[in-house]
Amino acid sequence: MSDLSTSLPQATAPRPDVVTHTLWGAISSRLVIAVPYLWLLLLFLIPFLIVFKISLSQTAIAMPPYTPTFDLSAGISGLWEGIREFSFDNYLWLVDDPLYFNAYVSSVVIAGISTFLALLVGFPIAYGMARAPTTLRPLLLMLVILPFWTSFLIRVYAWIGILKPEGLLNQFLIWTGIIDQPLIILNTHTAIFIGIVYSYLPFMVLPLYSTLEKMDYSLIEAAQDLGCPPIAAFWKITFPLAMPGIVAGCLLVFIPATGEFVIPDLLGGSQTLMIGKTLWNEFFANRDWPVSSAVAVILLLLLVVPMMFFQRAQAKAQEEGR
């Protein structure tokens with residue numbers, strides 16, 4: 001019996017350093033997950049709730065220019081009275097006034113066309129960077145990021161000097177004899193498209209480059225060896241494999257372009273109708289914070305909700321692919 005007991009493995013208590021290391025690993029992993037959620041809470045959810053609260057208020061000649069404003073010294077009863085004064089009249093006003101609907105539609109159309117143009121321009125650039133020699137790629141990346149070293153506002157003002165009737169572009173075209181009269185580009189939708197594509201092109205190029213750089217180009221060579229024309233090989237191999245970068249780039253361009261204010265205001269002129277200019281007018285010209293907050297809330301929902309459904313559908317497709 002004693003021989004049998006000595007042959008069995010003895011249960012030993014875990015070493016203190018191993019337990020400490022395991023606990024610290026569990027805590028650190030949770031902290032890593034908690035940091036993004038804390039970031040979203042502080043910089044997205046709380047500001048959104050503040051804007052949503054203002055959108056349920058009413059305009060007032062005061063500071064701030066809306067009521068109710070919560071008086072925390074009044075306690076729970078005062079807080080409840082303020083909540084009871086909330087209403088959805090501002091959202092009903094947006095439905096009745098066609099200005100806001102037209103501004104939403106115009107913003108989505110302009111942002112969609114600009115995103116498509118940015119994809120047409122950015123895909124060849126990203127593809128050329130991905131196929132360039134390895135030693136040359138860092139330089140090409142720096143050239144793509146280089147415009148960010150200059151102020152965004154200065155770059156937009158530079159386009160005014162290029163596109164105006166007596167600007168550099170018209171002077172060059174007249175000098176070469178291509179045109180006889182200056183082209184009217186400034187204060188048109190064309191100028192807005194040029195400004196948005198130029199300003200947000202790096203946001204399209206970088207995700208595309210990151211995706212195309214990882215692609216196995218031996219697949220294209222194999223397709224060409226099997227008699228597949230280059231154009232067919234692009235649509236059947238390169239384009240599907242680059243789809244994650246295309247989706248990421250389009251989202252990075254479309255979302256900020258929808259709410260763009262500076263480019264339409266400077267390059268599009270006073271007649272341009274976009275939701276960013278409408279928000280600015282409501283906030284600063286009309287001082288109607290509740291209505292402008294309602295406009296901002298609806299704009300955010302129009303952008304976030306489709307993205308959530310798209311991400312859910314994409315995750316579901318990936319799970320089915322596995």
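At what angle do α9 and helix α12 pack, and how far apart are their axes? I began with this pair.

**Entry 1: ground rules**

I am working from a predicted model, in which local features need pLDDT of at least 70, side-chain atom pairs count only at pLDDT 80 or more, and totals for chains, interfaces and linings use all residues. Residues are numbered from 1 along each chain as its sequence is written, and side-chain values use heavy atoms, with hydrogens and water left out. Helices (H or I, at least four residues) and strands (E, at least two) are DSSP runs numbered from the N terminus.

**Entry 2: α9 against α12**

I looked up the opening pair and found an angle of about 155 degrees, with the axes of α9 and α12 (residues 243–258) 8 Å apart. The axes are lines fitted to C-alpha atoms, for helices over the stretch in contact, and the angles run from 0 to 180 degrees between N-to-C directions. α9 and α12 are therefore roughly antiparallel to each other; the classes are under 35 degrees for roughly parallel, over 145 for roughly antiparallel, 65 to 115 for roughly perpendicular, and oblique for the rest.

I noted the crossing of α9 past α12 as right-handed, a term used when the near helix is turned clockwise from the far one by less than a right angle, with anticlockwise giving left-handed.

I then listed the contact (heavy atoms within 4.5 Å). From α9 it takes in I196, Y200, F203, M204, P207, L208 and T211, and among the residues of α12 are P244, I246, L252, V253 and P256. The contact of α9 with α12 divides into 14 nonpolar residues, 3 polar and no charged. Here Ala, Val, Leu, Ile, Met, Phe, Trp, Tyr, Cys and Pro count as nonpolar, Asp, Glu, Lys and Arg as charged, and the others, Gly among them, as polar.

**Entry 3: V197**

I checked V197, which lies in helix α9. Is V197 buried or exposed? V197 has a relative accessible area of 12% and is buried; the cut-offs are under 20% for buried, over 50% for exposed and in between for partly exposed, with a 1.4 Å probe and protein chains only. From V197 to V253 I read 8.5 Å, C-alpha to C-alpha, across 56 residues of sequence. With neighbours within four places in sequence set aside, V197 is in contact with S114, L117 and A118.

**Entry 4: salt bridges**

I searched for a side-chain nitrogen of Lys or Arg within 4 Å of a carboxyl oxygen of Asp or Glu. How many salt bridges did this rule give? The count comes to 2 salt bridges.

One joins the side chains of R137 and E213 at 3.4 Å, N to O. R137 sits in helix α6 (residues 137–145) and E213 in helix α9 (residues 189–213), 76 residues apart, so the pair links distant parts of the chain. R137 is buried at 17% relative accessibility, while E213 is partly exposed at 36%.

The side chains of K277 and D265 also form a salt bridge, at 3.9 Å, N to O. K277 lies in helix α14 (residues 275–285) and D265 in helix α13 (residues 262–267), so the pair ties together parts 12 residues apart in sequence. K277 counts as buried at 8%, and D265 as partly exposed at 34%.

**Entry 5: positive phi**

I looked at N187, which is not a glycine and has a positive phi of about 65 degrees. N187 is in the loop between α8 (168–175) and α9, and is partly exposed at 48%. I also noted R287, with phi near 55 degrees, in the loop between α14 and α15 (289–321).
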